[in-house]
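Hi everyone, thanks for coming. I'd like to walk you through one model today, going from the whole chain down to a few single residues.

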Amino acid sequence: MIQLEEIMTILSNEKIAADVYKMELSGNTELVSMPGQFVNIKVPGFYLRRPISICDYEPGKLTIIYKLVGNGTDAMSKMQAGDELNMLMGLGNGFNTELSGEYPLLVGGGVGTPPIYGLAKRLVAQGKKVSVVLGFASKQDVFYQEKFSELNENTTGGSCKVYVATVDGSFGTKGFVTNCLDEIEEISHYYACGPIPMLKALIAKLDERQKDIPGQLSFEERMGCGFGACVGCSIDTKSGYKKVCKDGPVFMSSDIVI
């Protein structure tokens with residue numbers, strides 16, 4: 001895995017939902033090659049880096065979305081435009097878009113939503129008919145549903161239909177992401193990122209609909225190093241334990257034991 005330490009400059013850092021922030025940065029993004037990869041951020045004053053999935057990227061610009069879960073991300077939320085961040089780039093194996101088929105399903109749970117956006121953007125640009133299901137706890141937690149809908153403003157013939165589920169029913173469909181699946185007519189392949197219980201429920205629901213439908217899962221594991229030197233993010237697969245940071249974070253659903 002090629003990785004590179006880069007100094008990125010913050011362009012903006014804003015709150016977009018309850019405890020959720022969007023940060024845009026400028027700098028060298030040449031090692032970011034596919035949706036689903038992540039960066040590992042050195043936060044001043046903290047020993048361990050913070051792994052954050054990439055929401056979107058283009059030459060010279062990177063977008064990440066993160067949630068306040070501790071002192072490190074709290075420190076990040078207080079950073080201003082013009083501040084600099086040290087990042088390890090080119091980390092992780094992302095989503096394989098060549099397997100999508102014509103009608104891919106994309107599912108994001110909470111802060112599993114950001115990498116799904118970059119994936120949807122690429123698939124729509126390829127002319128695919130994309131269905132996106134986003135799951136949140138409540139209305140105050142919802143973010144980016146409008147950004148997904150805006151992907152329809154393209155000239156490639158692709159489209160993006162968005163469904164939102166909230167556990168308390170305060171926005172969209174009441175319940176979980178699986179409650180939206182019956183509304184989707186065709187699924188050629190699925191991609192998902194979110195907590196383990198969501199991934200388990202999704203696999204079970206899709207198996208009821210169509211046995212062994214192919215898919216790719218992105219895992220949100222805690223990481224120590226972020227590039228395979230430790231074993232802090234290992235998960236069980238049918239071919240033995242693998243490291244989420246180096247072998248993933250994206251794995252074929254047929255390979256995973258959950």
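**The chain as a whole**

Let me start with burial: of the 258 residues of the chain, 50% count as buried, where buried means under 20% relative accessible area, exposed over 50%, and partly exposed in between, with a 1.4 Å probe and protein chains only. Before I go on, a word on the source: this is a predicted model, so local features need pLDDT of at least 70 and side-chain atom pairs count only at pLDDT 80 or more, while totals for chains, interfaces and linings use all residues. Residues are numbered from 1 along each chain as its sequence is written, and side-chain values use heavy atoms, with hydrogens and water left out.

In secondary structure, we have five helices and 15 strands; these are DSSP runs, H or I of at least four residues for helices and E of at least two for strands, numbered from the N terminus. The radius of gyration is 17 Å, close to the 18 Å from the globule rule for 258 residues, so the chain is as compact as a globular protein of that length. That radius is taken over C-alpha atoms, and the rule is 2.2 Å times the number of residues to the power 0.38. Along the principal axes, the C-alpha atoms fill a box of roughly 50 × 40 × 35 Å.

Now contacts, meaning heavy atoms within 4.5 Å. Taking those between residues at least 6 apart in sequence, 67% join residues at least 24 apart.

**Two domains**

How is the chain divided? Into domain 1 (5–91) and domain 2 (97–217), with bounds from an automatic or database domain assignment. The contact between them takes 17 residues from domain 1 and 13 residues from domain 2.

Please find Ser-218, in strand β12 (residues 215–218). Ser-218 has 4% relative accessibility, so it counts as buried. Beyond its neighbours within four places in sequence, Ser-218 is in contact with residues including Phe-95, Cys-193 and Pro-249.

Next, the backbone. Most residues other than glycine have a negative phi. Asp-19, though, has a positive phi, near 60°, and lies in the loop between β1 (4–17) and β2 (20–26). Tyr-144 is not a glycine either, and its phi is positive at about 75°; its place is in the loop between β8 (129–136) and α3 (145–149).

Are these two buried or partly exposed? Asp-19 is partly exposed at 37% relative accessibility, whereas Tyr-144 is buried, with a relative accessible area of 10%.

Thanks, all!
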